[in-house]
Amino acid sequence: SPAPRLDHHTLERYETVWLVISVVMSVLLFTGVVVSFISGTYQAVRSDGSSAGHHITGVKSGRLDPRSIASTPFAKPGLRENADGSLEAFIVAKAFAFDPAVLRVPAGRPITFHLTSLDVMHGYMVQGTNVNATVIPGQVTSFSVTFREPGTLNSICNEYCGIGHHNMLTRVIVTA
Ligand code: CUA
């Protein structure tokens with residue numbers, strides 16, 4: 001009889017509809033998780049609760065195509081002093097290293113950090129401070145921090161980025 005065949009087709013149509021709905025829901029959920037994760041990380045950078053007394057202000061981010069890096073200060077990563085005396089640190093993350101490997105900065109002066117990634121998402125965390133930024137390819141993460149006391153601070157990638165993730169170690173040397 002034709003009735004079961006009709007039911008079968010109707011079921012197939014329902015299955016397709018539910019498949020589409022579940023795919024859409026998954027995409028929305030994934031996007032939501034990523035967005036909340038990123039905003040949560042920026043929130044963490046913005047907050048100021050460091051026991052070491054380092055002070056972070058002014059988190060922002062902008063877009064930067066990795067292919068355009070050659071025409072930006074990221075072409076020569078490291079600390080630079082501007083004509084007005086302000087200090088900026090440009091750091092490039094890639095699998096599996098930071099450039100520069102060691103960043104030397106003076107104590108007691110605000111430094112605006114700018115970070116970008118050449119490949120995948122990395123993290124930049126300076127131990128003993130509340131510097132904890134997500135480094136995203138195609139974007140620049142910026143924040144300002146003043147290191148109060150001289151010393152050597154270990155910094156790590158705290159975003160799992162692949163087989164060499166645990167080798168992404170670097171240092172910030174704060175000089176008197
Ligand atoms: Cu880079 Cu983990």
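**Figure 1. Lining of the largest cavity in the predicted model.** Ile91, Phe98, Pro100, Leu103, Tyr124, Ser155, Thr170, Arg171 and Val172 line the largest cavity. Its volume is about 40 Å³, and a search of the whole structure finds 1 cavity of 30 Å³ or more. Strand 11 (residues 169-175) gives the most to this lining, with 3 residues. Sorted by class, the lining holds 6 nonpolar, 2 polar and 1 charged residues.

**Figure 2. The aromatic pair of phenylalanine 98 and tyrosine 124.** The structure holds 5 aromatic pairs. Phenylalanine 98 belongs to strand 4 (residues 97-99) and tyrosine 124 to strand 7 (residues 122-126), so the pair ties together parts that are 26 residues apart in sequence. Both phenylalanine 98 and tyrosine 124 are buried. Both residues are also among those that line the largest cavity.

**Figure 3. The aromatic pair of phenylalanine 113 and tyrosine 124.** Here the ring centres are 6.2 Å apart and the planes lie at 40°, so the pair is tilted. Phenylalanine 113 is in strand 6 (residues 110-117) and tyrosine 124 in strand 7, so this contact ties together parts that are 11 residues apart in sequence. Phenylalanine 113 counts as buried because its relative accessibility is 0%, below the 20% cut-off. Tyrosine 124 is buried as well, with a relative accessible area of 1%.

**Figure 4. The aromatic cluster.** Ring pairs link Phe98, Phe113, Tyr124, Phe143 and Phe147 into a cluster. Among these residues, Phe98 and Tyr124 also line the largest cavity.

**Figure 5. The salt bridge between arginine 109 and glutamate 81.** The closest N and O atoms of the two side chains are 3.0 Å apart. The pair links distant parts of the chain, 28 residues apart: arginine 109 sits in the loop between strand 5 (102-106) and strand 6, and glutamate 81 in strand 2 (residues 78-81). Arginine 109 is partly exposed at 31% relative accessibility, whereas glutamate 81, at 52%, counts as exposed. The count for the structure comes to 2 salt bridges.

**Figure 6. The salt bridge between arginine 67 and aspartate 65.** The two side chains meet at 2.8 Å, N to O. Arginine 67 counts as exposed, at 74% relative accessibility. Aspartate 65, at 32% relative accessibility, counts as partly exposed.

Note on methods:
Residues are numbered from 1 along each chain as its sequence is written. This is a predicted model: local features need pLDDT of at least 70, side-chain atom pairs count only at pLDDT 80 or more; totals for chains, interfaces and linings use all residues. Side-chain values use heavy atoms; hydrogens and water are left out. Rings of Phe, Tyr and Trp (its six-membered ring) pair if their centres lie within 6.5 Å; planes under 30 degrees apart count as stacked, over 60 as edge-to-face and the rest as tilted. Helices (H or I, at least four residues) and strands (E, at least two) are DSSP runs, numbered from the N terminus. Buried means under 20% relative accessible area, exposed over 50%, partly exposed in between (1.4 Å probe, protein chains only). On a 1 Å grid over the protein atoms alone, a cavity is a set of points where a 1.4 Å probe fits but cannot get out, and a pocket is an open set with protein on both sides within 12 Å along at least five of seven lines; lining residues have an atom within 4 Å of a point. Grid points are joined across faces, edges and corners, and a volume is the space filled by probe spheres set on the points. Ala, Val, Leu, Ile, Met, Phe, Trp, Tyr, Cys and Pro count as nonpolar, Asp, Glu, Lys and Arg as charged, and the others, Gly among them, as polar. A salt bridge is a side-chain nitrogen of Lys or Arg within 4 Å of a carboxyl oxygen of Asp or Glu.
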